[in-house]
Amino acid sequence: MTKQSHDHNFKNLFLDFPKETLEWFFPQAEQNWGQVRKVEFIRQEPKKRKLSEPSLALDMPILFFFENQQLLLWLVEFQEDKTKFSIYKLLRYTTDLMEAHPQALVIPTVLFTDRTKWRKDILRKLETRLNDKLFLYFEYVFFKLFDFNARDYYNINNPVVKILLPKMNYKKDERIEVIRQAYSGLFQLASRMLFDKYVDFIDVYAEVSEQEQENLYHEIIQHKETAMLAQYIRDKGMQQGMQQGMQQGIIQNTKENIIEALELRFGKISPEIIDKINKTNDPAKLKELHKKAIQIKEIDSFGFIC
């Protein structure tokens, strides 16, 4: 996972945890309308008014069906760079969705994820009025993760909150504890598959270094409440080590098979060719070389293939 795929990463988070995200940002939804019975992720590109118009991709429109049949259509836009945000584009997105889903209550929401203090605010609403006549009023739900203090959310049992802890505000000396809370909280609240997926998310957005990972591992071992997580990390490391060992074994075995095939066909081969074979570690390349070792008619041509 890379920062370059920022928008895609956050979309995945909401796709994997739609109910949990709604519970955190809009707890009043279930309080008013009962439990969520069904969730749909609708098409992200609104219809064009003209075919010549450029495509507009919605960030995350989610349609929720509640117990009493009421609908809520939640449009979420993710912004790491506030200068790229346009309230006018969001208004167009919103009205397109209102037209396509007249039965739904459309709530436009923007989540700003940058960990910086803003010197200048962004436009929060649009209003067109003449005397006492209001022609247009538009605003959206505004969330900025850096406005949240991470330590205030340690005891919130929501996997989305845990994953986003490193994007919140915290003091420099709290950094390791914030990441540890994110790891341990996610481990307790998510499946092992989703834990593995979003530990990577935490590492990327917290910019965790190798030294910090080592420090974090020792922190996790020392806390009784994270004993199961410590064991999981230990087992995972052993498993990855075994897989890497098996891969290396396969690569080495293929190299030996190539050399053996050449020697059986052409007798003793030069140290230069052996050296080229041993320096090749791409499994696909080695597979191709093994085929060539069986097929070539002259040993001299093999040196050009390596």
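# Buried, capped, exposed: terms and values

Q: Which residues of H11 are buried?
A: In helix H11, Leu 286, Leu 289 and Ala 293 are buried, a word that stands for under 20% relative accessible area, as exposed stands for over 50% and partly exposed for the range in between (1.4 Å probe, protein chains only). Seen down the axis of H11, these buried residues fall within an arc of 55°, so they line one face of the helix; the arc is that of the directions from the helix axis to the C-beta atoms. The opposite face, turned away from the buried side, carries the exposed residues Ala 284, Lys 287, Ile 294 and Gln 295. The model is a predicted one, in which local features need pLDDT of at least 70 and side-chain atom pairs count only at pLDDT 80 or more, while totals for chains, interfaces and linings use all residues. Residues are numbered from 1 along each chain as its sequence is written, and side-chain values use heavy atoms, with hydrogens and water left out.

Q: How does the span of H11 compare with the expected one?
A: H11 (residues 283-295) has 13 residues and reaches 19 Å from first to last C-alpha, close to the 18 Å expected at 1.5 Å a residue. The expected span is 1.5 Å times one less than the number of residues.

Q: What makes Asp 282 a cap of H11?
A: Asp 282 caps the N-terminal end, with a side-chain oxygen 3.2 Å from the backbone nitrogen of Ala 284. A polar contact requires a pair of N or O atoms within 3.5 Å; within protein, one must be able to donate a hydrogen and the other to accept it, and residues adjacent in sequence count only if both atoms are side-chain atoms.

Q: Which residues have the most contacts inside the largest nonpolar core?
A: In this core of 56 residues they are Leu 13, Phe 14, Leu 22, Trp 24, Leu 72, Trp 74 and Tyr 183. Helix H7 (residues 192-206) supplies the largest share, 9 residues. A second, separate core of 20 residues includes Leu 71, Leu 90, Val 106 and Tyr 140. Such a core is a set of buried Ala, Val, Leu, Ile, Met, Phe, Trp, Tyr and Cys residues joined through side-chain atoms within 4.5 Å.

Q: Why does Thr 116 count as partly exposed?
A: Thr 116 has 41% relative accessibility and therefore counts as partly exposed. Thr 116 lies in the loop between strands E4 (105-112) and E5 (125-130). Its side chain makes a polar contact with that of Asp 114 (2.6 Å).

Q: What is Thr 116 in contact with, leaving aside neighbours within four places in sequence?
A: Thr 116 is in contact with Lys 144 and Phe 146, where contact means heavy atoms within 4.5 Å.

Q: Why is Asn 131 called exposed?
A: Asn 131 is called exposed because its relative accessible area is 69%. Asn 131 lies in the loop between E5 and strand E6 (133-139), and has a positive phi of about 55° although it is not a glycine.

Q: What makes Glu 207 exposed?
A: Glu 207 has a relative accessible area of 55% and so is exposed. Glu 207 is found in the loop between H7 and helix H8 (210-222), with a positive phi near 50° in a residue other than glycine.

Note on methods: Helices (H or I, at least four residues) and strands (E, at least two) are DSSP runs, numbered from the N terminus.
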